[in-house]
Amino acid sequence: MAVPGPGYSITMRIAAPPSASAAGDLTSAVGRAGGVITAFDVVESAAGLMVVDLSANALSADHADEITEAVNALPGVEVRKVSDRTFLVHLGGKIEVTSKVPLRNRDDLSRAYTPGVARVCMAIAKNPDDARRLTIKRNTVAVVTDGTAVLGLGNIGPAAALPVMEGKAALFKKFGGVDAWPVCIDSTDTEEIIRTVQLIAPVYGGINLEDIAAPRCFEIERRLRELLDIPVFHDDQHGTAIVVVAALRNALRVVHKDIRDCRIVVSGVGAAGNAIIRLLLHQVPADIIAVDIRGIVYRGREGMDPNLAEVAGKTNSSALSGTIHDAMVGADVFIGVSAPNILTAADIERMNSDAIVFALANPDPEIDPLEAQQHAAVVATGRSDFPNQINNVLAFPGVFRGLLDAQARMITDEMLSAAAEAIADVVAPDQLNASYIVPSVFDEKVAKAVARAVVAAARDGHHMAGGAKESAAAGA
């Protein structure tokens, strides 16, 4: 199922004899080793030597080594240097701070810094809400992690998590025009993390929690929402839930089903699964069956933590028990945020007709998408090499753009639902089909539509800071 991709892309600096067949020999060697060539550039050419830069995608770091060895084994060929293009992107970090104002002379310095800045400081001391208007707080988000649940890597610590948080900040800027900064906390103590975020909060207009392991992430988010007067958003929970609900809304349109008639199986009840269930309940499905590593979640099951017990109390109205295979019988929708290869085509066949399968475990989904397509009408994954990628980038930049524009003090389920609806509606009726239920992450309309929806929901719920209501609504 896996194919070579840009995540494992290398550039080889190769010295080769300048024969007529040299280029063909090099590209053939890469092909035989299973690589995919993306660029071939002649760097130097002389009577007795040709130097080329050959770039290729691989499946893994080991596969990249195999490709290099295959090229190096050609007669008269020498691979002088291999550059990992992913590591090159990260050299020195991916983000920077730049000044928005000119500092060309004494006058500029006097206004931007001393003595003029003192007047602005005193204005904020007199009216603290002015910080939202006169400082970076107006457009800045903290991307907070402890490094305990990073991507599919697990607990790798705050320093190793930094490249992911930098990438997140870059996405905030690219897609939402939001200035975000990584805050990687060297602690896994819940109270210490909460207190640290509380102490740095005056700088920021919002907090984006990221890659914090469950169940601590639930307590951290809940407490910070109580303590702070700015929105706190856990992207692993709510970003995923927004995009899943958006995709499901359009998938149901494709198969002409009403969610109120659908039984939905959710595999995985960690951070993402918990939030997906919570947001789905606002759509009033016929029933939701949650499944974790111990099987179907039901009221009274022994050994449940408070979060799981809360899920049990709101789902599984038929009191079903058993395994995930039992849950799939007669289901209309499967949403997986759990583990790879836990389902087979036979499980999908036992679902109702025109089934919808969202197998979102990454990098290997709960079922091979090609296998799921044998019986499901609509299939989505978290992968970029299959149609219908469920990607949080569709949600969080626009959500925070709207929250900052509204100068919101909190985030509500109504805002999350509005964001999901906005994403779904970016796909026009004449575009909608089984292979296109969510827009591209590069569609510039997405973040703008989500921001407008969040501002409108903040306005309707009266969750905007004083003075923001009129300006934000006008900007929408």
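Predicted model: local features only at pLDDT ≥ 70, side-chain atom pairs only at ≥ 80, totals over all residues.
Visitor: How many aromatic pairs does the structure hold?
Guide: Happy to start there. A pair of aromatic rings is described by the distance of the centres and the angle of the planes. The total for this structure is four.

Visitor: Are the planes of Phe233 and Phe400 stacked or edge-to-face?
Guide: Their ring centres lie 5.5 Å apart. The planes meet at 80 degrees, and over 60 counts as edge-to-face. The pair is therefore edge-to-face.

Visitor: How many residues apart are Phe233 and Phe400?
Guide: Good one to trace on the model. Phe233 belongs to strand S8 (residues 232-234), while Phe400 belongs to helix H16 (residues 396-405). Both residues are buried. The pair links distant parts of the chain, with a separation of 167 residues.

Visitor: Which residue has its charged end over the ring of Phe396?
Guide: Phe396 forms one aromatic cluster with Phe172, Phe233 and Phe400. The charged end in question sits 4.0 Å from the centre of the Phe396 ring. That residue is Lys168.

Visitor: Let's turn to the second largest pocket: how many nonpolar residues are in its lining?
Guide: This pocket has a volume of about 1,100 Å³ and is lined by 34 residues. Elements giving two or more residues to the lining include helix H7 (158-176) and strand S6 (179-184). By class, five lining residues are polar and nine are charged, and the nonpolar ones number 20.

Notes:
Residues numbered from 1 in each chain as written. Heavy atoms only, no water. Phe/Tyr/Trp six-rings, centres within 6.5 Å; stacked < 30°, edge-to-face > 60°. Helix = DSSP H or I, 4+ residues; strand = E, 2+ residues; numbered from the N terminus. Buried < 20%, exposed > 50% of the residue type's maximum accessible area, 1.4 Å probe, protein only. Lys NZ or Arg CZ within 6 Å of the ring centre and 35° of its normal. 1 Å grid on protein atoms, 1.4 Å probe; cavity = no way out; pocket = protein on both sides within 12 Å on 5 of 7 lines; lining within 4 Å. Points joined across faces, edges and corners; volume = space filled by probe spheres on them. Nonpolar A, V, L, I, M, F, W, Y, C, P; charged D, E, K, R; others polar.
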